[in-house]
Amino acid sequence: MYFGRVRILLAGALLTVVAVQTADPLDARSKGRPDAPVTVYEMADFQCPACRTFATTVLPTLEREFVETGKVRWVFINLPLTSIHANAIAAAEVAVCAGRQGRFWPTHDLLYSEQDDWARLTQPRNALIALAQRAGADKAKLVACVNGGTA
């Protein structure tokens with residue numbers, strides 16, 4: 001197995017199945033040129049206050065100086081800290097589902113800017129979906145995705 005292709009070999013090459021991955025699965029959560037000389041993988045939790053501070057104060061400068069100039073590709077990796085952030089997984093799921101509609105980054109920004117409003121909710125799902133809608137994602141597709149990983 002190697003990146004971009006999957007090979008299954010049975011009985012000494014009697015059967016070969018090749019599946020070609022046509023798109024980078026991280027594209028929806030990436031900013032910058034795919035061929036930038038440096039790729040930064042940010043691992044963060046949408047419910048983390050320190051992550052919010054970084055996303056709202058530092059990241060815009062890094063984007064302007066490094067991502068927009070083609071020096072860096074920025075990739076967001078969800079790292080929900082469930083032991084201290086009960087709503088982190090729900091936020092990550094909604095963000096990834098919004099990303100399937102090309103709305104990851106606007107949802108990312110709203111999740112952080114509105115963190116105080118949804119982070120303490122016992123049932124955050126509707127509030128999170130509403131944020132992704134505000135970011136331009138289609139509600140029906142979001143709900144289908146969150147419910148079953150589709151759309």
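## A first look at the chain

Starting from the N terminus, the elements of the chain follow the order β-β-β-β-α-β-α-α-α-α-α. Altogether there are six helices and five strands. Please keep in mind as you look around that this is a predicted model. The chain has 151 residues, and buried residues make up 35% of them. Among the contacts in the chain with a separation of 6 or more, 67% are between residues 24 or more positions apart.

### Two helices side by side

Two packed helices are described by the angle between their axes and the distance between the axes. Helix H2 covers residues 88-99 and helix H5 covers residues 125-134; the two pack at an angle of about 30°, and their axes are 10 Å apart. Angles under 35 degrees count as roughly parallel, so H2 and H5 are roughly parallel to each other. Their crossing is right-handed. On the H2 side, the contact is made by Ala90, Ala91, Val94 and Ala98, while H5 brings Leu128, Ile129 and Ala132. What kinds of residue make up this contact of H2 with H5: nonpolar, polar or charged? Seven are nonpolar, with no polar and no charged residues.

### Pairs of opposite charge

Next come the charged side chains. Side chains of opposite charge can pair when their charged atoms come close. The count for this model comes to five salt bridges.

| Aspartate 27 | Arginine 73 | 3.5 Å |

Where do the partners aspartate 27 and arginine 73 sit in the chain? Aspartate 27 is in the loop between strand S2 (15-20) and strand S3 (30-31), whereas arginine 73 belongs to strand S5 (residues 72-78). The pair links distant parts of the chain, 46 residues apart. Aspartate 27 has 41% relative accessibility and so counts as partly exposed. Arginine 73, in turn, is buried, with a relative accessible area of 7%.

Aspartate 116 is partly exposed, its relative accessible area being 48%.

Arginine 134 lies in helix H5, and glutamate 114 is found in the loop between helix H3 (104-113) and H4, so the pair ties together parts that are 20 residues apart in sequence. With a relative accessible area of 55%, arginine 134 is exposed.

### A closer look at alanine 137

Our last stop is alanine 137, found in the loop between H5 and helix H6 (139-148). Is alanine 137 buried or exposed? Its relative accessible area is 7%, under the 20% limit, so alanine 137 is buried. Leaving aside residues up to four places away in sequence, alanine 137 touches Ala98, Gln101, Arg103, Ala132 and Leu142. Among these, Ala98 of H2 and Ala132 of H5 also take part in the contact between those two helices. Alanine 137 and alanine 95 are 42 residues apart in sequence, and from C-alpha to C-alpha they are 9.9 Å apart in space.

Terms used:
Residues are numbered from 1 along each chain as its sequence is written. This is a predicted model: local features need pLDDT of at least 70, side-chain atom pairs count only at pLDDT 80 or more; totals for chains, interfaces and linings use all residues. Side-chain values use heavy atoms; hydrogens and water are left out. Axes are lines fitted to C-alpha atoms, for helices over the stretch in contact, and angles run from 0 to 180 degrees between N-to-C directions. Helices (H or I, at least four residues) and strands (E, at least two) are DSSP runs, numbered from the N terminus. Angles under 35 degrees count as roughly parallel, over 145 as roughly antiparallel, 65 to 115 as roughly perpendicular and the rest as oblique. A crossing is left-handed if the near helix is turned anticlockwise from the far one by less than a right angle, and right-handed if clockwise. Contact means heavy atoms within 4.5 Å. Ala, Val, Leu, Ile, Met, Phe, Trp, Tyr, Cys and Pro count as nonpolar, Asp, Glu, Lys and Arg as charged, and the others, Gly among them, as polar. A salt bridge is a side-chain nitrogen of Lys or Arg within 4 Å of a carboxyl oxygen of Asp or Glu. Buried means under 20% relative accessible area, exposed over 50%, partly exposed in between (1.4 Å probe, protein chains only).
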